[in-house]
Amino acid sequence: MPVSVSRQAAALSLALAAASAHADALPDTVVVTAARTPQRADEVIPDTVVVTRDEIVRAGAGSVADVLRRQRGIEIVRNGGAGTTTTVSLRGANSNQVVVLIDGVRIGSATLGYASWNAIPLSAIDHIEIVYGPLSTLYGADAIGGVVQIFTRRGAGQPVFSASAGGGTYGTSQYDASVSGSTGGDHGVSYALGGTREEADGFSATRPGAFGYNRDDDGYTRRSANARFALRLAEGHEIGMQFLKSRLSAQYDNGSASFDAHNIQEVDSYAVFLNDRIAPNWRSSVQAARAEDKSGSFTSALPAGASQLSTRQDEFTWQNTFDLNGDTLQVLAGHRKETVLSSSIAALDKSRITNSIAAAYNLRRGSHLLDLSARNDWSEYGAKTTGAAGYGYEFTKDLRATASAGTSFRAPTFNELYYPNYGYVANKPERGRNLEAGVQYRVAGVDLKADYYRNRLTDMIVSVTPCPTRSGSCAYNVDHALLEGLTLAADTLIGNLDLRASADLQDPRDETTGKQLARRARRHANVNADYTFGQVDTGIELQVSGRRFDDAANANRLGGYGLLNLYTSWHMTRDWSLLVRVDNAAGKDHELARNYGTAGRSWFAAIRYGIH
């Protein structure tokens with residue numbers, strides 16, 4: 001392995017984690033995303049993290065991206081405050097090489113290729129599953145670095161009402177409320193509804209030296225609503241619907257002092273579903289879904305200052321799962337149509353249809369675990385076949401080793417195909433080939449985990465100057481990249497003290513140029529400590545990142561940083577609690593992107609009812 005992931009650094013990080021380090025998911029935790037069907041967490045082969053509702057509530061993080069950056073293998077980039085454009089990288093992969101789902105509905109922009117993280121409301125989330133590594137055999141295009149699935153709340157039992165109100169630095173205020181439950185009976189209805197309003201005056205999105213710099217504050221307002229209803233038709237048969245709607249208005253800098261330039265971002269997902277147990281060993285699930293990502297940019301009060309773009313994904317999925325004496329066979333058929341409508345760029349007004357079939361087999365025999373999967377996707381870019389195999393062996397109840405290999409691909413975005421003077425219609429999908437090995441070991445009450453991966457990417461689409469087919473620049477299949485790294489994690493629970501640490505030693509590099517991939521560090525780490533005493537929960541987060549480069553040429557360096565966050569919750573009664581959180585407590589000046597602002601020391605306080 002390259003010097004950036006040296007044996008000495010790996011040993012030091014593991015020792016640090018073991019000394020300072022709660023399992024990612026307890027054995028009885030059920031994980032869905034890793035195999036598209038429920039599995040016990042201790043039978044999942046891919047590296048997986050489950051972020052529970054309890055963790056989200058306890059820490060009181062401000063956004064989905066803030067929750068994700070606490071997890072191993074994840075880096076984020078934000079172009080200013082919480083309302084500005086945010087991207088998420090898994091294991092060094094580009095943000096457009098990560099699939100994002102909300103309750104099984106794929107979201108994201110067909111022109112940019114990634115999800116609008118800044119528009120997703122945190123308050124609607126029940127839990128998050130993060131699966132690392134290629135999953136194109138299960139989810140199709142773009143699942144090169146991994147899959148993040150967000151699960152919203154579901155109803156069960158007696159009605160439960162919750163609400164919170166809070167405020168803090170930068171004029172931040174937040175209000176949310178939800179209710180969930182079920183009616184019971186032979187034809188019971190489960191329900192969950194929620195709504196949120198957030199706003200902030202913010203701080204300047206850019207710094208001096210940035211194009212369009214304006215020293216005014218750039219704030220945002222986000223409103224969202226979500227709901228899920230399910231009707232029990234009979235034993236083993238359920239029909240339902242769900243939706244999430246979020247609208248974000250966020251200011252940004254474009255150099256004008258007379259008009260507050262702003263973006264309006266909308267993320268909507270809708271689905272109807274039918275789940276049936278056709279036979280004791282046969283489960284069928286049908287889902288029809290639509291996801292929309294709408295964005296509008298407004299640079300003046302005149303009509304000419306407005307540009308709006310809408311992308312839509314319509315999906316139909318039929319999944320059949322067969323239980324075969326403890327093994328599982330899954331057969332899947334899917335249809336997805338992507339559509340783009342632009343108010344100002346007619347060349348982007350296109351649509352694309354992708355059809356797919358897939359099969360997966362999960363075998364469990366004593367100490368042996370085996371996963372096999374294959375998929376074929378065919379679209380206007382041709383047919384793409386992907387395959388994966390994973391094996392796990394449990395030496396003892398405290399020691400397990402895994403190994404896997406898989407292929408993946410990313411489809412060109414509409415911008416890379418059709419954007420005037422940039423897109424190239426003959427661009428092919430990017431391809432990935434991944435090898436991975438991992439070990440989990442529990443010793444003296446400490447859960448240790450190490451995963452090594454080597455993901456080689458070919459036909460990478462990058463901006464090329466001069467363009468091989470015309471003058472100027474264009475998107476073109478020319479690059480090769482290698483995402484190689486070692487992830488170390490350790491967790492332990494000592495009485496009321498929950499300790500968790502992780503370190504990522506990675507080498508995400510462009511093999512064509514030999515340069516480090518932009519905005520990705522070779523080393524980053526997290527340490528989290530939660531302590532409960534009486535009615536008070538308190539915690540500390542330390543997030544550390546090494547140096548990065550803001551550009552592909554590695555000419556503009558971004559310095560490393562360490563951020564210290566503090567939080568505490570006081571459970572005043574069974575239903576009422578008070579949260580106080582301080583982010584960047586040491587006031588560290590740092591950059592996630594060159595000449596874009598980041599928050600200094602900031603605090604947030606909220607009073608909450610019924611949130612546990």
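Asp 103 is found in the loop between β6 (98-102) and β7; helices (H or I, at least four residues) and strands (E, at least two) are DSSP runs, numbered from the N terminus. This is a predicted model, in which local features need pLDDT of at least 70, side-chain atom pairs count only at pLDDT 80 or more, and totals for chains, interfaces and linings use all residues. Residues are numbered from 1 along each chain as its sequence is written, and side-chain values use heavy atoms, with hydrogens and water left out.

Phi of Asp 103 is near 50°, a positive value in a residue other than glycine. Asp 103 counts as buried at 9% relative accessibility, where buried means under 20% relative accessible area, exposed over 50% and partly exposed in between (1.4 Å probe, protein chains only). Asn 554 also has a positive phi, about 60°, although it is not a glycine. Its place is in the loop between β30 (548-549) and β31 (557-558), and Asn 554 is buried too, with a relative accessible area of 17%. Then there's a cis peptide bond joining Thr 465 and Pro 466, with omega about 0°; Pro 466 sits in the loop between β24 (446-464) and β25 (474-494). For context, most residues other than glycine have a negative phi, and most peptide bonds are trans.

Now for the sheets. Five strands form an open sheet with mixed pairing, in the order β3-β8-β9-β6-β7. β3 (48-51) and β7 (105-107) are at the edges with a single partner strand each, so one side of each has no neighbour in the sheet. From one strand to the next, the twist averages 20° (axes are lines fitted to C-alpha atoms, for helices over the stretch in contact, and angles run from 0 to 180 degrees between N-to-C directions).

| Strands | Bridges |
|---|---|
| β29 (residues 536-545) and β32 (residues 561-571) | ten bridges |
| β32 and β33 (residues 576-583) | six bridges |
| β8 (residues 125-132) and β9 (residues 146-152) | seven bridges |

In β32, Ser 569 stands opposite Asp 537, while Leu 566 has Val 582 in β33 as its bridge partner. β32 and β33 form a hairpin with four residues between them. Over in β9, Gln 149 is the bridge partner of Glu 129.

Ser 136 is found in helix α4 and is buried, with a relative accessible area of 0%. Not counting residues up to four places away in sequence, Ser 136 touches Ala 143, Arg 375, Thr 386, Thr 407, Ser 408 and Phe 409 (contact means heavy atoms within 4.5 Å).

Methods
Pairing = 2+ DSSP bridges.
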